[in-house]
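Reader: I am new to this structure and would like to look through it with you. Could you show it to me first?

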Amino acid sequence: MNPTLADFGHDNGWIVALKVVGVFVFLVVMTLFTIWYERKVVARMQVRPGPNRHGPFGLLQSLADGLKLAFKEDIMPLKADRVVFFLAPVISTVCAFTAFAIIPFGPFVSIFGQKTPLQLTDIPVAVLLVLACSGLGIYGIVLSGWASGSTYPLLGGLRSSAQMISYEVAMGLSIVAVFMMAGTMSTSEIVNAQAKGGQGELFGFEFTYPGWYVLLLLPSFVIYAISAVGETNRAPFDLPEAESELVGGFHTEYSSLKFALFFLAEYINMVTVSALATTLFLGGWRAPWPITQLGPWVNQGWWPLLWFTIKLLILLFVFVWLRGTLPRLRYDQFMRFGWKVLIPASLIWILALAGFKTMNNENLPGWQRGLWIGGFAVILLAILLWPRKRPAPKLPLEEEVAQRPEGSFPLPPIDLQVPVSPRAKRITADREPVQ
Amino acid sequence: MTAEVTVATGTGGLGTDMVLNIGPQHPSTHGVLRLRLKLDGERVISAEPIIGYMHRGAEKLFEVRDYRQILVLTNRHDWLSAFSNELGAALAVERLMGIEVPERAVWLRTALAELNRVLNHLMFLGSYPLEIGAITPVFYAFRERETLQAVMEEISGGRMHYMFNRVGGLKEEAPAGWTSRARDAIGLVEKRLPDLDRLIRRNDIFMARTVGVGVLTAAQAAAYGASGPVARASGLDFDLRRDEPYLAYGSLKVPVVVRTAGDCHSRFEVLLDQVYVSLELARQCLDRVDQIKGPVNVRLPKVVKAPEGHTYAWTENPLGINGYYLVSRGEKTPWRLKLRTASFANVQALSTLLPGCLVPDLIAILGSMFFVVGDVDK
Amino acid sequence: MIDVSWGEQVVFYILAPIAVIGALGMVMARNAVHSALWLVLTMLSLGVFYIVQAGPFIGMVQIIVYTGAIMMLFLFVLMLVGRDASDSVIETLRGQKVAAIALGVGLGVLLGTGLYRGTVDLTPVGLAEANKNGNVQGLASLIFTKYVWAFEVTSALLISAAVGAMILAHVERRKDERIGQAAMMKERFLPGNYPGPKPGPGVYATSNSVATPAKLPDGNPAQRSISPILPLRELEPAEKADKHTLTGGHQS
């Protein structure tokens, strides 16, 4: 008995309030934890211990940092647009929190005797809500860049807006495949759709395929994962706040609690895209395969919250791993990657998937199916083997130097033999090498 | 009624260039270099390096210090290659005074100079990826630095400004067993350096950011008087250790690491390969030191006076050619001690490297020119 | 009258004024970015209205596409234009403001009354039937079956508009005209140009004035080493005379 779309919207007021508070607390705690987690993981990757002073294993470090931030001086730049400057972090944070409303944490649970799904709410277009919220959340970043009234934040804001428009397209396209497989956009039903594998038939072989979309729709997952990193402004796509280029990017001029809000929003966004990836591709709150052998209880009651959180933490680890490993892309390379690689790849993949589904559904005659596949293969081969223009052969350095116009700057040859200066000769002659 | 109404919707600002000051306080200028840029979007139209925020008048200060005190000042302009700096000044004075430095001191100096070179290069090998956005390599680089620092600290007592050179040799004999400990440290670094190498050198994003970016051709490097790793990456095959040997380099085979591409990546590679070479050289020197007995310095008169005359001592510092032009009038202070620093010449090339590139490229180029602001501003 | 649920009424009476304020603010705001923000507010309210009226998909699309993407592009352009950029508009037609307001209000009243008279007795039907298989699925099956022609034509129109806009805005530049860093530097080093910093003035034992030219390797004075703004003057005999610097002031 799993929650479906019809099970939502019947809760009492106080249960709704309880869930809202629960989601809020979950996110704030996750943020505090993720900051510590990131610092600790990245520290281990960098052969150093990481935070270890406050609390056991330094767990209270981020709490201390948060408190410290609250007591910092709140600076308003003279040239800032006061209202927008204030609004920007608020927009960021509000959108970040809102997106989490549709993430399913688990199946039906009993809260003080009330049977209710462990999810704040679900709507027919739930996944789109996450996209909408992340789209609006970028307003916070863009506006903060503009309202700061200084150059570095402005560049950061500009980068962010272009980045968001590009990567949201790729992200939306990667999710389309999930919609096509699940036949719904509601998160609880997508989780249900991944509960069971199915029977497939390919070239006469029958096999059972697992239910997780990460296996069925691997290209989609890869594209989603990449664009999620871009969407959350995390390394290697952290261009809006690239500190070695733009100092702090959009939040250069922010301090105190306003800065803390940006920080909060960034980490909540990370948690949100990870939670969405869990829901869409990793089977949601359901336990993974070896654990399911223990009995049906693993997918009932409050246990799924544990599996969900573990999956979440694994995805967050990947975020940190990327940050610890990769340098930052250049802005134009990043945009080119989005528009010329991710989006076309998404489109082709969706087309292929649609074709595959159509062929499976309708009872096409065998020869017609073969014709389609053959035609597809021919087109693919033609694209792959299309002749490319050969680059002009590179001249050797000597010839390049020889071809320079008359009167160019004198250049010593690469195998230049500098005569030993008489002084050095004397010194080396005086000193016999010691054996 | 012809009131002038102003509404903010127009294209009045389109096409105007943005002026951006990178520095003097900016995380990527490691120091107080300032670049005044004109930007069109993110493309740099013109770039003007503005230097001098850290000018300390080193050359003027030299003129009122005696030759022993000068060494303290010389090791400060390029704080990452302190040993090599003081070495150059010491060589100049020794040459003018005609002092023959004991054999053991010469080999020890060579070993220390090479270790200093490794320390300097490791610093940049860590900080350069950091500027590109990779935050991990710097810790690997500093782990190696720390290992070598311990060795340098043991012999000289300093971690940065060693002050171990003296006119006529070194300050004192190395502690007992130091050479074997130094060899161990070198072995350890050689063993662990491939970690750093594999982490970053062939990284796809790193290559995308640096290959073909900030190309400096050999002619241009020569025209700007660039030297050291920056020039050698452009194909300017010039290394004083081989071409005009000082210290014990004459009896060592010094392989010179050269690339011809002249872009950021080849500059980085020159630095990285140079570390391997220098570690090997340092080990050879240490082996020699063990075979040679004798003093490490000479007895100097109470007042060191260089005889009247002038000399130019140049050395291959980690960042390039470092020269001291010493003019003496026979007093205990130099009449003039002109300082030719590597970074100063290398930074000149920025004004031609930067226009036409993007802001992120600018950071990549800036980091790959390997300069120390103190060395620029003197 | 149509039966409107209590919740829907609350949402309407909160958001309708906000939408109107947003629209007014967009027209009134002096600052272009503020204008855009007011418009965002209106669009958000409209999106919520769609959702409340049982069209969740169109509501979300309104927020994602219009508010999220298109307004973001607007902002992008406005930010490029700059904070303080402004156009001065001189009112060329006398009294046009008054006329425009009057006509605008008139149009609003006309449309409003028309809509009111057209819908006052209307009973909406078929919502439940249309959303029978779910709102998204119903919409999809209509778009991709009955209205597929219109849908494709619209998308072709939009794409040609986008391509047209790109062609109009695109400045054609040949590949060799695009000057990158390497090309710029090569140009700078062509024969005839002097790329490097100019030499400093000469520093000699007898003089270190800025007006003293440095010497080239062949002994000639380097003209580049002195600033062209310095006036030329003849040296006085006292200045020309041997200073005996190298001999420590003793005449030998």
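Reader: Is Met163(B) buried, exposed or partly exposed?
Author: A residue is buried if 20 or more other C-beta atoms lie within 10 Å of its own, exposed if 12 or fewer, and partly exposed in between, with C-beta atoms placed from the backbone. This is a predicted model, in which local features need pLDDT of at least 70 and side-chain atom pairs count only at pLDDT 80 or more, while totals for chains, interfaces and linings use all residues. Residues are numbered from 1 along each chain as its sequence is written, and chains are lettered from A and ligands numbered from 1 in the order in which they are written. Met163(B) has 15 other C-beta atoms within 10 Å, so the residue is partly exposed.

Reader: Where does Met163(B) lie, and what is its phi?
Author: Helices (H or I, at least four residues) and strands (E, at least two) are DSSP runs, numbered from the N terminus. Met163(B) lies in the loop between H5 and strand S5 (165-166) of chain B. Its phi is positive in a residue other than glycine, near 50°.

Reader: Which loop holds Val47(A), and is Val47(A) buried or partly exposed?
Author: Val47(A) has a positive phi of about 45° although it is not a glycine. You will find Val47(A) in the loop between helix H1 (13-45) and helix H2 (61-70) of chain A. With 13 other C-beta atoms within 10 Å, Val47(A) is partly exposed.

Reader: What span should helix H6 of chain B have?
Author: Helix H6 (residues 178-200) of chain B has 23 residues. The expected span is 1.5 Å times one less than the number of residues.

Reader: Where does H6(B) bend?
Author: A bend is the angle between axes fitted to the seven residues ending at a residue and the seven starting there. In H6(B) the bend is about 30°, and a proline, Pro194(B), follows within four residues. The place to look is Lys191(B).

Reader: What covers the buried residues of H6(B)?
Author: The buried residues of H6(B) include Ala182(B), Ile186(B), Val189(B) and Leu193(B). Contact here means that the C-beta atoms of two residues, placed from the backbone, lie within 7 Å. Included in the cover are helix H4 (103-132), helix H5 (137-156), helix H7 (204-210) and helix H11 (264-291) of chain B.

Reader: How compact is chain B?
Author: Chain B has 15 helices and nine strands. Its radius of gyration (over C-alpha atoms) is 23 Å, close to the 21 Å that the globule rule gives for 378 residues; that rule is 2.2 Å times the number of residues to the power 0.38. So chain B is as compact as a globular protein of that length.

Reader: What share of chain C is buried?
Author: Chain C has nine helices and one strand. Among its contacts between residues at least 6 apart in sequence, 39% join residues at least 24 apart. Of the 252 residues of chain C, the buried share is 14%.

Reader: How far apart are the centres of domain 1 and domain 2 of chain C?
Author: Domain bounds come from an automatic or database domain assignment. For chain C these are domain 1 (1-81) and domain 2 (134-172). Taken over C-alpha atoms, the separation of their centres is 23 Å.
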